[in-house]
Amino acid sequence: MEYSNVSLIVFFVLISFILTSKTYPTNGEKETILKREEEDKELEQQLKILNKKPIRAITTKFGDTVDCIDIYRQPAFDHPLLKNHKIQMVPSSIPEETTSKGISLSTFRGSNTNNGFQNEHCPRGTIPIRRTKREDLVNAQYLLQMASNPTNTNTNAFSPMNHHFVSVEESSNGKTYFGGIANISVHGLALNNNQFSTAQIWIQNGPTEEINSIEFGWMVYPALFGDNHTRLFGYWTADGSKKTGCFNVLCSGFVQVHNKISLGAVIEPLSVYGEDAWVLPIKVYRDPNTGNWWLITTKTIGYWPKEIFTHLAYNASVVRYGGVAGAKPQTPTPPMGNGYLPQLQDYLKTAYMKRMKYVDEKGESVNLNPDGVLTKKDIISDCYNILFAGNIGADWNISMAFGGPGGTCS
């Protein structure tokens, strides 16, 4: 009997110790858990919106899963401002460009955007959209805060990527723009999952805190795409990336019309240092009849509708040309361009943009004014630089060279 009482006492002491020793979440920890659960629900909801039931699913030679979606049921039309939007199948007009001349096409050639289809294609009446994975949405957050403002280099919790930029733009003095055009040399870069690099054009309007921005060009971003391929990208925001906007079609907004090529498509072939140069001809301009902003490379890909913008619904105040490279804090930044510092002596050994133009209020493509171009960068020249060449004639017109090796930059 005595032994039983002692056992009971020991048992209750142990239970009391376990109960009093158990740790419970603090209020701060509870808030973090609830916030994470809320974010998880939002991600799942967004994935359901973006990944429509496909008419056909295709695995490409690049390893992407591409869904063939009914063109009238694409994710764009889930945007609340596009419920009554009537899809525009073709531009009402395209800014004219003169034909290339003066440069051997065997040396300087136009690359193609490529979804990697082999023996299959999406049926008529559908469009190809790269299937979105959960990690795609998570990783895309790293770029959202820097995307609309290349001069924003803060690294707070909402912008976990350190990034640097180089760019040129006209000193507009109140001029309005209706598009940006360039031939951008395309290059392969070896990056890790903590890095990204772009060659791009910005089209913007509005004050910084609510800036409207469309950005487009090529990008290497392993964390977003799962590989080191050089890919076509587009980005938009209507409020300085606070609540609107995304890359490619990671949210509702961009309307695709091409049935073979989509945002996120791989660009090939690529330039080979000192041997071969390939360019991506690309333009975004405002349709004079509808106000939609069309994206055209070698093909007419689609458009950002007028309805999703405020300031860009009418025109742009800035067109900027250059590149952005970034990495997580306390890690080296990656190469930009072709990974070499720019020079103007041998264009087979530098990253460049040529035929740099803007679209005016008449819908015509116009050369930048070389006397009014401003060069901007936020980094030492040993990491990245940009050199404006001006009008060098022949097939080149207004041109510049940019890029660099990156590294531990400050």
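Predicted model: local features only at pLDDT ≥ 70, side-chain atom pairs only at ≥ 80, totals over all residues.

Author: Residues are numbered from 1 along each chain as its sequence is written, and side-chain values use heavy atoms, with hydrogens and water left out.

Reader: Fine. What makes phenylalanine 196 and tyrosine 221 an aromatic pair, and why is it called edge-to-face?

Author: Rings of Phe, Tyr and Trp (its six-membered ring) pair if their centres lie within 6.5 Å; planes under 30 degrees apart are stacked, over 60 edge-to-face, and the rest tilted. A search of the whole structure turns up 11 aromatic pairs. For phenylalanine 196 and tyrosine 221 the centres are 5.8 Å apart and the planes 70 degrees, so the pair is edge-to-face.

Reader: Why say that this pair ties parts together?

Author: Phenylalanine 196 sits in strand β8 (residues 195-205), while tyrosine 221 is in the loop between β9 (212-220) and α4 (222-225), so the pair ties together parts 25 residues apart in sequence. Helices (H or I, at least four residues) and strands (E, at least two) are DSSP runs, numbered from the N terminus.

Reader: Is tryptophan 236 buried or exposed, and how do you know?

Author: Buried means under 20% relative accessible area, exposed over 50%, and partly exposed in between (1.4 Å probe, protein chains only). Tryptophan 236 has 2%, so it is buried. Phenylalanine 309, at 6%, counts as buried too.

Reader: What makes lysine 354 a charge over the ring of tryptophan 396?

Author: The rule wants NZ of Lys or CZ of Arg within 6 Å of the ring centre and within 35 degrees of the ring normal. Lysine 354 lies over the face of tryptophan 396 at 4.8 Å from the ring centre. Arginine 320 lies over the face of tryptophan 202, at 5.8 Å from the ring centre.

Reader: On to charges. Why is the contact of lysine 61 and glutamate 268 called a salt bridge?

Author: A salt bridge is a side-chain nitrogen of Lys or Arg within 4 Å of a carboxyl oxygen of Asp or Glu. Here N to O is 3.3 Å, so the contact qualifies. Lysine 61 lies in the loop between β1 (56-59) and β2, and glutamate 268 in strand β13 (residues 266-268), so the pair ties together parts 207 residues apart in sequence. Lysine 61 is partly exposed at 45%, and glutamate 268 is partly exposed at 29%.

Reader: How do you know that glutamate 169 and lysine 376 form a salt bridge?

Author: Their closest N and O atoms are 3.5 Å apart, so they pass. Glutamate 169 is in strand β6 (residues 162-170) and lysine 376 in strand β20 (residues 373-377), so parts 207 residues apart in sequence are tied together. Glutamate 169 counts as buried at 8%, whereas lysine 376 is partly exposed at 32%.
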